[in-house]
Amino acid sequence: MRDCRSLRGELLEKGRELRERLKKEKVAVLVHRHADPDAVASAALFASLGAKPYAPGGLSSSGKRLARALGLEFSPGPVSEDFAVVVDTASSSQLPGVSLREYCRVDHHSEGDLDECIVDPSASSTSEIVALLARDWNLELSEALAEALMVGIYVDSKGLRLSRPQTFTALEYLTRFSKLSKAISFLSEKEEEDLSIRVAKVKACERLVHRKVKDYIIGITEIGSNEGAVMRALVQCVGLDAAFVVSRREGELRVYARASPRLLKLGISLSEFLSELARDLGGRGGGHPGAAGAILPSAVSYETLVNKIFGRLSRRIVEALRSPVRTESGSEG
Ligand SMILES: [Mn+2]
């Protein structure tokens with residue numbers, strides 16, 4: 001009888017064939033480049049059935065953390081098995097250096113050059129598909145594996161916002177082995193940050209100069225690495241409305257900038273601002289309204305740059321406050 005709370009019958013049928021092959025053959029399981037929790041959790045299920053896990057393009061930081069929690073080690077390759085399960089991956093460009101022979105793609109992506117095998121684009125996640133297969137196979141899951149699949153579902157469904165009825169069938173099955181709350185708390189645990197990033201943030205704060213314009217704060221600092229993390233911290237944690245990070249590299253001055261959502265609401269674009277400034281100083285710049293960058297000739301002194309940024313951006317803010325051209329959505333660009 002067809003179970004309308006699970007995958008389509010033909011997919012379950014292919015799943016059963018796959019299960020048989022997993023019992024008899026040496027099988028590889030492959031995840032996409034920079035693999036996320038959905039890919040890692042999906043691979044873990046096949047690994048628990050004896051498949052050898054490969055991550056030819058490495059794991060993302062949350063993917064790594066989940067693999068660690070599972071005690072799962074991914075090999076970079078080369079893949080020696082003749083048959084591979086490819087999870088959460090639609091395109092061969094996501095599998096650097098791999099030439100696939102025979103494979104079965106288990107996935108929720110629709111577009112891609114890899115042949116479909118067990119693909120359901122209406123599924124929230126590959127973890128959902130994999131959990132529904134495991135349910136059909138009557139597998140007993142370990143706590144860690146059930147939690148990992150819940151993490152995969154939770155992340156890819158954007159906290160269940162993109163769920164469908166079958167998502168809950170999958171979760172009902174998984175919660176026989178562990179609790180959803182454990183999966184969610186795994187996600188809220190903050191990853192320990194690299195010492196180098198923390199040092200870069202501290203140095204950036206030490207060197208920070210700022211100017212207040214009405215109730216907006218512009219800040220500029222100089223740092224040689226981790227510019228992205230530094231700017232995020234300056235806007236999100238310190239509370240700057242415009243953060244500029246300057247770094248001197250290979251005979252040029254690089255300027256990176258980030259805006260707070262409230263600065264964007266004023267209609268100020270840092271990409272416009274920086275490209276104008278760069279043009280006047282003999283460089284070039286661009287980017288997005290909320291995240292921009294510029295490259296300037298090294299002859300430009302840091303002091304000149306700081307003065308110009310403070311002077312011009314202050315004026316722009318005052319003008320914007322006087323004649324509000326607020327963007328409709330106030331998007332973050
Ligand atoms: Mn996915």
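I began with a bridge: V246 has V255 as its partner in β9. I note that this is a predicted model.

**Around β9**

I looked up the strands next. Strand β8 covers residues 242-249 and runs antiparallel to β9, joined by eight bridges. The two form a hairpin with two residues between the strands. There I checked E250, which takes a positive phi near 40°.

I then asked which strand β9 pairs with over seven bridges. I found β11, residues 291-297, in the antiparallel sense. In that strand, L296 stands opposite L253.

Is β9 mostly covered or mostly open? I found it mostly covered, with six of its eight residues, 252-259, buried.

**The cores**

I turned to the largest nonpolar core, which has 60 residues. V29, V40, A44, V85 and L149 touch the most other members. Helix α5, residues 143-156, gives this core its largest share, nine residues.

I went back to V29 for its contacts beyond four places in sequence. They include F46, P53, Y54, A84 and V87.

**α4 against α5**

I looked at how helix α4, residues 126-136, meets α5. Their axes come within 7 Å and cross at roughly 140°. An angle over 145 would count as roughly antiparallel, so I recorded α4 as oblique to α5. On the α4 side I noted T126, S127, E128, V130 and A131. On the α5 side I noted L149, G152, I153 and D156. By class, I logged four nonpolar, three polar and two charged residues in this contact.

Methods: Residues numbered from 1 in each chain as written. Predicted model: local features only at pLDDT ≥ 70, side-chain atom pairs only at ≥ 80, totals over all residues. Core = buried A, V, L, I, M, F, W, Y, C linked by C-beta atoms within 7 Å. Buried ≥ 20, exposed ≤ 12 C-beta atoms within 10 Å, placed from the backbone. Helix = DSSP H or I, 4+ residues; strand = E, 2+ residues; numbered from the N terminus. Contact = placed C-beta atoms within 7 Å. Axes fitted to C-alpha atoms, helices over the stretch in contact; angles between N-to-C directions. Parallel < 35°, antiparallel > 145°, perpendicular 65-115°, else oblique. Nonpolar A, V, L, I, M, F, W, Y, C, P; charged D, E, K, R; others polar. Pairing = 2+ DSSP bridges.
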